[in-house]
Amino acid sequence: MFKLVRFLIKYRLQVILGPIFKLTEAVFELIVPLVMASIIDVGIKNGDEGFVYRQGALIIMLGVFGLAFALVCQYMASKASQGFGTELRREMFTHINKLSHNELDEFGTASLITRLTSDINQLQVAVAMLIRLVVRAPFLVIGSTIMSFMIDVKLSLIFLAAIPLIAVTLWLVTTKTIPFYKNIQKKLDKTALITRENLIGARAVRAFAKQGHEQERFEENADTINRTAIRAGKISALLTPITSVILNLAIVAIIWFGGFSVNVGDLTQGEIIALVNYMNQILLALIVTSNLVVIFTKSAACAARVNEVLETEPSVKENTTENIVTDENAYAIEFDKVFFSYHNNGEYALEDITFTARRGETIGIIGGTGSGKSILINLIPRFYDITGGTVKVNGQDVKDYPLEQLRNLIGIVPQKAALFSGTVRDNMKWGDKNCSDEEIWSALNIAQAEEFVSQMPDGLDSMILQEGKNLSGGQKQRLTIARAVCRKPEILILDDSASALDYATDAKLRSAIKENCKDMTVIIISQRANTVKAADKIIVMHDGAAVGMGTHKELLTSCAEYCEICLSQFSAEEIEKELQDEE
């Protein structure tokens, strides 16, 4: 948790003054037993009602001032803890956005959400308790012990015997419970994962009548959390009774031995009551401490998880130099003997990929599922760093570009259409925040989305629900294509982004892109041979390798894998006719 102290620097005034106010309130609390002793030994013993009333008023005044100081401390603790959480959450969210796809894949979406919400909430509680109680509790223990020594040294030895026993108890409970709380936080990640999967895939769950199965998954995970929490709770529950037994035995010892001292005149009755009150203050302080142990044990586990994210360096290191000058005469895209491994362990997802693409060319990439098509194009905007070889854009290595400059050159339409809650116009302006309505309509026309958008009740101002829930799959895909076109990129990448479109709409889309985006280098990934057959160059992927490269007709005669794909989608007569037409 010490690594996160830097997020409290902005609130150092509250962190310093809060405990001071709380300590002042504790001082008032330490004075109360002495006032009570004087009431018994002077007021009640001598029958002096005036003295009793004056001392009683003093106790009330001490209570009022103590409450005022406690409220000020509470305000400062709240301000510091909430500010700490805000700063940490902002820093963590910013850092997550700097991580490459590789790190995001390793952590997982559900885990990152839990760390960003639940874990930081627990740390906020810890900060509030740090300011309010961490200093107060030991101060009361030490202060009560000192005050007891001022009353009677011999009886104060009972305090010195009780405190180490309690400290050992706290240490044992802490060391035993920390592993349980770490496990609970991991299981909470799985809870978030199951919940997220069910909410996103609600239609699939219902379509396959898997509600019962998913309920069992959730309940199994919840039961595991429950059992772990109970085991941790059982250990933590021992803390209060053990400390209470030790302290109550200490109180019995004070009364027992104190009685002898009263009989011989070494102590007064009021002083015995004061000693008992100080022991009770220690008891209450240690009960608070036992709760703090649980809170900080949980927080330690959460802090480790948060620090794990913050200390994870992105594998993609950005070049922070100014925008670099590109070569207009160079290839728009150039792969030179590119290798890629997800974990740099010798298992390559891509092997020895070499190809070039000129400005204005259309490149088709085709291959079976898992052949490496998507990872190939993810290397161009540098979502991942290559393991070996070189990837160049406009003649410059992608590693030399500032990421913003590189990605501003590229418009990507991912496999899964991702839209955001807001209007159609808002989503289109993700591509270019300054684009006009005329440019948006032009992009919608190219993407074959103009017709259905114009039929919406409010046109460009029509609302899109979260993840485009109020649109069909094909509509979402066309809007994401339009959003990329709005950006006017030099390189347009369509990653199987027309899979939900019918053949006629797909053909119109490709024709419109070819006609209106002549200066763009277009990369089309698809499993449909019909979608890529008109491309200037087709790359055939198989098990991470480029097994064929050329035009449609060239590949029909030279690449067995491409022929196999075509035969699965066209009749033998159609393919034979195409070959005859070529001749």
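Predicted model: local features only at pLDDT ≥ 70, side-chain atom pairs only at ≥ 80, totals over all residues.
## The six-stranded sheet

Let's start with the sheet built from six strands. It's an open one, and its strands line up in the order β6-β9-β10-β3-β11-β12, with mixed pairing. At the edges you'll find β6 (410-413) and β12 (545-550), each of which pairs on one side only. Going from one strand to the next, the twist averages 15°. A helix joins in too: α20 (residues 560-569) packs on the sheet and touches β3, β11 (537-542) and β12. The direction of α20 makes about 95° with that of β11.

## A closer look at β10

Strand β10 (residues 521-525) has β3 (residues 362-367) as a parallel partner, and four bridges link the two. Across that pairing, Thr362 stands opposite Val522 in β10. Strand β9 (residues 491-495) also pairs with β10 in the parallel sense, this time over five bridges. Here Leu494 has Ile524 of β10 as its bridge partner.

So how enclosed is β10 by the rest of the structure? Largely so, because five of its five residues are buried. Both of its faces are covered. Thr521, Ile523 and Ile525 are buried on one side, while Val522 and Ile524 are buried on the other.

## The four-stranded sheet

There's also an open sheet of four strands, in the order β2-β1-β4-β5, and its pairing is antiparallel. Its edge strands are β2 and β5 (396-397), each pairing on one side only. Between β1 and β2, which run antiparallel, there are five bridges.

The structure holds ten aromatic pairs. Phe335 and Phe355 make up one of them, a stacked pair with 4.7 Å centre to centre and 20° between the planes. Phe335 lies in strand β1 (residues 333-340) and Phe355 in strand β2 (residues 350-357), so the pair ties together parts that are 20 residues apart in sequence. Are these two residues buried or exposed? Phe335 counts as buried because its relative accessibility is 1%, and Phe355 counts as buried too, at 4%.

Elsewhere, Phe21, Phe28, Phe65 and Phe69 form one aromatic cluster.

## The nonpolar cores

The largest nonpolar core has 48 residues, and the ones that touch the most other members are Leu444, Leu479 and Tyr562. Which helix gives the most to this core? That's α16 (residues 473-486), with six residues. A second, separate core has 34 residues, including Leu30, Ile158, Ile246 and Tyr278.

Back to Tyr562 for a moment. Leaving out residues up to four places away in sequence, Tyr562 touches Ile366, Ala529, Lys533, Ile538, Val540, His552, Leu555 and Leu556.

Lys337 isn't a glycine, yet it has a positive phi of about 50°. This residue is found in strand β1. Lys337 is exposed, with a relative accessible area of 54%.

Arg382 has a positive phi as well, near 65°, and it too is a residue other than glycine. Where does Arg382 sit? You'll find it in the loop between α11 (373-378) and β4 (388-393). Arg382 is buried, with a relative accessible area of 3%.

## Across the model

Leu172 lies in helix α6 (residues 153-200) and is partly exposed, with a relative accessible area of 40%. As for Ala529, that residue is one of those touched by Tyr562.

Key
Residues numbered from 1 in each chain as written. Heavy atoms only, no water. Phe/Tyr/Trp six-rings, centres within 6.5 Å; stacked < 30°, edge-to-face > 60°. Buried < 20%, exposed > 50% of the residue type's maximum accessible area, 1.4 Å probe, protein only. Pairing = 2+ DSSP bridges. Axes fitted to C-alpha atoms, helices over the stretch in contact; angles between N-to-C directions. Contact = heavy atoms within 4.5 Å. Core = buried A, V, L, I, M, F, W, Y, C linked by side-chain atoms within 4.5 Å.
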